[in-house]
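This report describes a structure in plain terms. Please look through the sequence and the model shown below before reading on.

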Amino acid sequence: MSENLRVKSSQYIDETTRVSFKFNGTTYYGFKGDTLASALLANNVHLVGRSFKYHRPRGIMTSGSEEPNAIVQINPNTNRTEPNVRATEVEIYEGMEASSQNCWPSVNFDIGGINNFLSPLLPAGFYYKTFMWPASFWEKYEYFIRHSAGLGKSPTLKDPDIYDHRNIHCDVLVVGAGISGILAAKNAAKNNYKTLLLDEKNELGGSTIYENNESNKIDNKISSEWLKKEIEELKNIKNLEIKTRTSVAAYHQYNYLLARENLTDHLEKKDKTNKIRQRLLKIRAKKVILATGALERPMVFNNNDRPGIMLSSAIKKYSDFYGVACGRKIIFFTNNDSAYESALSLNDKGIKVEAVVDIRKQSETNLEKRVIDAGIKIYWEHTVVDTSGYKRLNNVSIMKLSNDGTSVTGNKISISCDCLGVAGGWTPAVHLYTQSGSKLAFDEDKKIFIPNKNNSDQISVGSCCGDFKLDEILKNLNEKLKNFLDINKTDFENITVNNDQEISKRNIWLLPSDKALGKTKPFVDYQNDATAKDIKLALREGFRSIEHVKRYTTTGMGTDQGKLGNMHALGIIADTAGVKMGELGTTTFRPPYTPLTFGTIVGRNVGKFFDIFRRTPMNDWHVEQKAEFENVGQWKRAWYYPINGETMHQAVQRESKAARESSGILDASTLGKIDIQGSDASEFLNRVYTNAWSKLGIGKCRYGLMLNEDGMVYDDGVTTRLGENHYLMTTTTGGAANVLGKLEDYLQTEWPELDVYLTSVTDQFATASLCGPNSKKILKKIIPDLDLSDENFPHMSFKEAKIGSIVCRIMRISFTGEQSFEINVQSSYGKDLWEKCIEAGKEFNITPYGTETMHLLRAEKGFIIVGQDTDGTMTPIDLQMDWIVSKKKYDFIGKRSLYRSDTMREDRKQLVGLLTDDPKVVLEEGAQIVSELNKNPVEMLGHVTSSYFSPNLNKSIALAVVRGGKDMMGKKLFIPMEDKTINVTVSNPVFFDQTNERLNA
Amino acid sequence: MFVINCPYCGERDQQEFKAGGEAHIERPKQPTELSDDEWAEYLFMRKNIKGVQYERWNHAHGCRKWFNMIRDTSNDEIKAIYKMGEKPPSI
């Protein structure tokens, strides 16, 4: 069934290497070097997709990354599948499969095509307007809308490929390797700039490389021949790195650019394995030269979207570069000279050009003469008013344009054809330029936006700055490069350039038809099916801002980001609203320029490299004991140690009982530890903690609460005075880095006069916390010569001792309410210390416990956990911790805020205990608390912050924050849950051992 | 992302730094003598201007030093960088 439309051997296609591939299940053949689009066109396949909304048949329209229609799913149902790939960019390889998207059951027979006939019922904003009522039905509508919309299918299998990131620093980055980019890179590198040249295509040379027009000559050589010589010379230049198949995705401020280098997508399956597929280049360039070229514009006329209607420049590239004819009877439709160049080029290759339809008034230039000499008919001042052919163009109708270009007159002429090349002029590719923060200006004459005010050290050269003719490109390039690179001359300073001179363009954003606008389909955005009608409707409905019109009509919101149609949308808005295009501005060009895979973005940061994690020196022991772990900050902490298939609840109940009845041991190495030294260390602590520190004796420990300047609790922990000018502060596990940062901030910026030095020693020490009534006996076994009597070593004190030859710091402090000892040793001895404790504790049933049991034990004692029972809105007074706030100290961080009218309110949320009326019922953390049941709406008084079943009290306990809770002791409150309401009573938050007898038992 | 010239380490990528808000807001020496409004002025009120702004920055993943920066927030141009305690240079 496939036909061969190869016209002439092309030097860019390797005709000796035939490649077979499948498209929608049919096997086709192409050649090495073909894109999927060129290979399909060579097989006379134009119909490749369906449009988003009306499901209209669509064909290949362009030859590059701006393609709106020919987007396909590559290798469907495999682990390397990728949706929304532009057929015009992807290179074919042996065994490749591709399929159409957004159609069911097939691209040839698509049920969604019914939307095309319903289109009068589906104007802009249809979904917004229709599915609003009743609001509760949205969930039902959504199911169907989501199913009928959507492009490709995202992969569901694990990605087998490797992705990578690379940082590059260069003096000059040149984006785009057309003639301007090549000359720019060459001259930069030759002048000792370390230069990087990038291009998204696999061949250098842009559109000049296949330009065989006899009248475009440089130094009397055809421009492509001249450029080939230049490219050849690049190989011998030092300082120059060239990367092809590399697309710049983003241009951020300070000349920081992100580019995707494609390394294996064009290779056969067997050659892809164990190679890096794509690499994200993070480029920091001192200078940037943008040579990104220009995109040809289509024109907006009735039924301008049929398969077979393409950009004139794309038809030229398919024939000159790929050696493929896009049709057998081709018509060009133009408002400028470039279609004539395409027509001549096709004619040279023996491809039949039926006619050129030109909306301009007749003129005679050399170019037009040659077209007439070739026997091609020119219809001056005519426009296409309609096209026909559902799945492939077969006819165009043209009529004479009126003088003002707003209507058509005379008889309709019908011309049969199978391909229409549209040339609507050129739009500079300024996407990256504006991403960098630089500003555009509108050129009224050329009807284009061009670079105007640069935001970084950059220039735009070639057609991306609005130079379209070879002579002006090279002349301006020469001057700009000399200035930008600060050099006296370039190596192409004295070339002679000849090219055709252009007659003036005629720009009509929306071409008239013999039918009323309402009866036509002039598409502006092909992928999203936005027509000129939709834009006018949006204006009638009151939308004025271009950003609003864009979102309402979805113009420019497809995967192509409106690279083709945005200018027409602007033009139609400007014409309709009677404003100047320059005043209207453009929509924002956002990165990425072309879509990036998630793989490229994350690079190597997948699997276990997804995020940094920290493990304690005792980690291996916990793993051997089959502990379950939880993440606390970046730490992996032992959560609980299940034995014989215990559930978490069972394990935690057992661990909690053991810790109070005999002994438990906790790995507390993750607590933040900050070493504080200096002659003003005591004064410093006075200022950062709420309580007083000056009188703390050497060898003593004290609990401290740290506030933010707004009076809210920030962190807590025990600090030990190791010497006259030496303290060791502990912080919460998750808050360690932030606390250090905050303390440094105050020291460096507010109190530089203080002589204090802070050092993080979290990683330097491992900590085993031994607790329970038998903890003293166990410690005695490990360090027999240390006097552990309450007189010598009381609660809240510190001793330095030795285990064998290992120095250790022991603090007698408690987070459980039991007697406990925190033993700190140098990290490398951490596991050894732990094992010694376990060994010595065997006879006392020493029970390792994890963070969950730690939380339960401290909740029994009503000790808060910053970040669980507080949330950045709790003052120490709210926590009923008035005792720790010094009244005598003149100042400390947050003190003044405790006297603000808001922080002194009586009805703030305050920490209380809650006991459930049914002691077996355990509350859900986060559950809301109310005081009335039969009120709607009812005021939420607060929420449960910590909740456990206490094995030591044999009942459920909870901590909660409740509005005005301090004065509610004994009051009954309610916790409404989905299926029932739980009755609770407000209690003292200290549930266990309220007199602290056990600390010294 | 910016390139920031840390006054202690030299040019580094922005990702090594942490922004610390408006600069030259001195913590009152005698907070207890301030009215609620005066304290709130210090505590909450920040200009957040579009244009030239004086800011504090911290080389958090480097030397951990704080310093000041004058930055145009409209185009992210860094106009000057100077150490804590130094007078802002005229720009």
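## Chain B

From the N terminus on, the elements of chain B follow the order β-β-β-α-β-β-β. That makes one helix and six strands; helices (H or I, at least four residues) and strands (E, at least two) are DSSP runs, numbered from the N terminus. This is a predicted model, in which local features need pLDDT of at least 70 and side-chain atom pairs count only at pLDDT 80 or more, while totals for chains, interfaces and linings use all residues. Residues are numbered from 1 along each chain as its sequence is written, chains are lettered from A and ligands numbered from 1 in the order in which they are written, and side-chain values use heavy atoms, with hydrogens and water left out.

The C-alpha trace of chain B spans about 45 × 30 × 25 Å along its principal axes. Of the 91 residues in chain B, 36% are buried. Buried means under 20% relative accessible area, exposed means over 50%, and partly exposed lies in between (1.4 Å probe, protein chains only). Among the contacts in chain B with a separation of 6 or more, 45% are between residues 24 or more positions apart; a contact means heavy atoms within 4.5 Å.

I49(B) and G21(B) are 28 residues apart in sequence, and their C-alpha atoms are 11 Å apart in space.

## Domains of chain A

Chain A is divided into domain 1 (1-160), domain 2 (164-294 + 428-498), domain 3 (304-425 + 509-584), domain 4 (667-849) and domain 5 (894-1000). These bounds come from an automatic or database domain assignment. Taken over C-alpha atoms, the centres of domain 2 and domain 4 of chain A are separated by 60 Å.

## A helix of chain A

Helix 23 (residues 830-841) of chain A has 12 residues. From its first C-alpha to its last, helix 23 reaches 16 Å, close to the 16 Å expected at 1.5 Å a residue; the expected span is 1.5 Å times one less than the number of residues. Which residues of helix 23 of chain A are buried? They are G830(A), L833(A), W834(A), C837(A), I838(A), A840(A) and G841(A). An α-helix has 3.6 residues a turn, so residues three or four places apart point the same way.

## A sheet of chain A

An open sheet of six strands in chain A has the order 46-47-48-45-50-49, with antiparallel pairing. Strand 46 (928-929) and strand 49 (972-976) of chain A are at the edges with a single partner strand each, so one side of each has no neighbour in the sheet. Strand 45 (residues 909-916) and strand 50 (residues 981-987) of chain A pair in the antiparallel sense over four bridges; two strands pair if DSSP finds at least two bridges between them. T916(A) stands opposite V984(A) in strand 50 of chain A.

Helix 24 (residues 851-860) of chain A packs on the sheet and touches strand 47 (942-950) and strand 48 (955-963). The direction of helix 24 makes about 105° with that of strand 47 of chain A. Axes are lines fitted to C-alpha atoms, for helices over the stretch in contact, and angles run from 0 to 180 degrees between N-to-C directions.

## Backbone details in chain A

Most residues other than glycine have a negative phi, and most peptide bonds are trans. The peptide bond from P591(A) to P592(A) is cis, with omega near 0°. P592(A) is in the loop between helix 16 (581-584) and helix 17 (598-602) of chain A. A cis peptide bond also joins N936(A) and P937(A), with omega about 0°, and P937(A) is in the loop between strand 46 and strand 47 of chain A.

E381(A) is not a glycine, yet has a positive phi of about 55°. This residue, E381(A), is in the loop between strand 20 (377-380) and strand 21 (382-388) of chain A. Is E381(A) buried or exposed? E381(A) is buried, because its relative accessible area is 11%. K626(A), in the loop between helix 18 (619-624) and strand 32 (628-632) of chain A, has a positive phi near 60°. K626(A) counts as exposed because its relative accessibility is 62%.
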